[in-house]
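This report covers the pockets of one protein model. It looks at their volumes and at the residues that line them.

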Amino acid sequence: MKVLAVLYNGFKAAIEEPRLLGTVENKLGMDKWLTARGHEFIVTSSKDGPNNDFEKNIAEVLITTPFHPGYLTRELMEKAKNLKICITAGVGSDHIDLNAAVDHKIQVLEVSGSNVTSVAEHAVMSMLLLVRNFVPAHEMIERGDWEVSNIARNAFDIEGKVIGTIGAGRIGYRIMQRLLPFNPKELLYYDYHEIPPEAESAVNCKRVGTVEELVSQCDIVTVNCPLHEGTRGMINDRLLSAFKPGAWLVNTARGAICDEYAVARALASGQLRGYAGDVWNVQPAPKDHPWRTMKNPLDGGNGMVPHYSGTTLDAQARYAAGTKSILENYLDGKPQAHQNVIVGTGKYETTSYGIH
């Protein structure tokens, strides 16, 4: 059969570093294996514009990645008559119209857990660089300047702060675990699933009833929920007005959970002291995206980077192996690990993308 993978270009870096498995050049490490089994394996980064390779080559098996998402719409599914299974090489399948996949009986799977450590570490790093005002400090050194007061005036400690996570699943919970040694004043979470009491006690966290209640109490808010109909655009002007003035916001979940212009306005006004993350509402992000250059009133507060938190070399090894395992199960007619199944044959198998 034909297998199509839409991955990102690694260019010279992928040639020099073969562990960049999630690139076009290194093909998830599956090229020889699939060829030996007699299958055609097409790997491309072309996913946008007219006559792109993605739309022209959709076949029975489609592999995509959150880091260079091929957006699979209902319209494309209706044209792709032979498409049976979509595998996300990583975690996060919101670039696929999941309701349409249910209707067309197309399975959607992802490599559950492959990114959790990597993203949790990145989220904590992002909190630190915002709270400690790291980016302007480093830029000052690069310029050849030295004015400690201009940095220290907006630098704080994490200790003693109230920190909250929107979403307390695998990543949100790991973030709270990693924050505990920093001695925060309080750890809060908002999630429609309650953490088991013993897990709550282990990190000394408390559940709040609404997202508004969470953000109004927190010095630092971290977003760790999937993107679906209920969370798209959730962090908008209205919700940002409920934040504590001068709070920091970290988003390593999905860019479209936040209204990009509302975030930029909140940062410019000082309602947010800082915003950091690696996820964008469109990827690759346009050169004029407001998050590239936005600043707070003290010319700092921007910790944005490309989408790479879940694609460290360690994470790539995990999601490449997981993608191969899912594909092998499919080719051999074996059952899939339940935690990897987002959409089964004609129905949702998880509540991670909203309660259905």
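The model is predicted.

| Pocket | Volume | Lining residues |
|---|---|---|
| Largest pocket | About 1,000 Å³ | 49 residues |
| Second largest pocket | About 660 Å³ | 30 residues |

**Largest pocket**

Of the 49 residues that line the largest pocket, Gly169, Asn224, Cys225, Pro226 and Ser352 lie nearest its centre. Two or more lining residues come from each of α6 (116-131), α9 (170-179) and β13 (341-343). α9 gives the largest share of this lining, with three residues. By residue class, the lining of the largest pocket holds 21 nonpolar and 21 polar residues, with seven charged ones.

**Second largest pocket**

Which residues lie nearest the centre of the second largest pocket? They are Trp280, Arg292, Val305, Pro306 and His307, out of a lining of 30 residues. The elements α7 (134-143), α14 (290-293) and β12 (302-304) supply at least two residues each to the lining of this pocket. The largest share, four residues, is that of α7. The lining of the second largest pocket divides into 16 nonpolar, 11 polar and three charged residues.

**Summary of the linings**

For the largest pocket, the largest share of the lining is the three residues from α9, and seven of the lining residues are charged. For the second largest pocket, α7 provides the largest share with four residues, and three of the lining residues are charged.

Definitions and conventions: Residues are numbered from 1 along each chain as its sequence is written. This is a predicted model: local features need pLDDT of at least 70, side-chain atom pairs count only at pLDDT 80 or more; totals for chains, interfaces and linings use all residues. Side-chain values use heavy atoms; hydrogens and water are left out. On a 1 Å grid over the protein atoms alone, a cavity is a set of points where a 1.4 Å probe fits but cannot get out, and a pocket is an open set with protein on both sides within 12 Å along at least five of seven lines; lining residues have an atom within 4 Å of a point. Grid points are joined across faces, edges and corners, and a volume is the space filled by probe spheres set on the points. Ala, Val, Leu, Ile, Met, Phe, Trp, Tyr, Cys and Pro count as nonpolar, Asp, Glu, Lys and Arg as charged, and the others, Gly among them, as polar.
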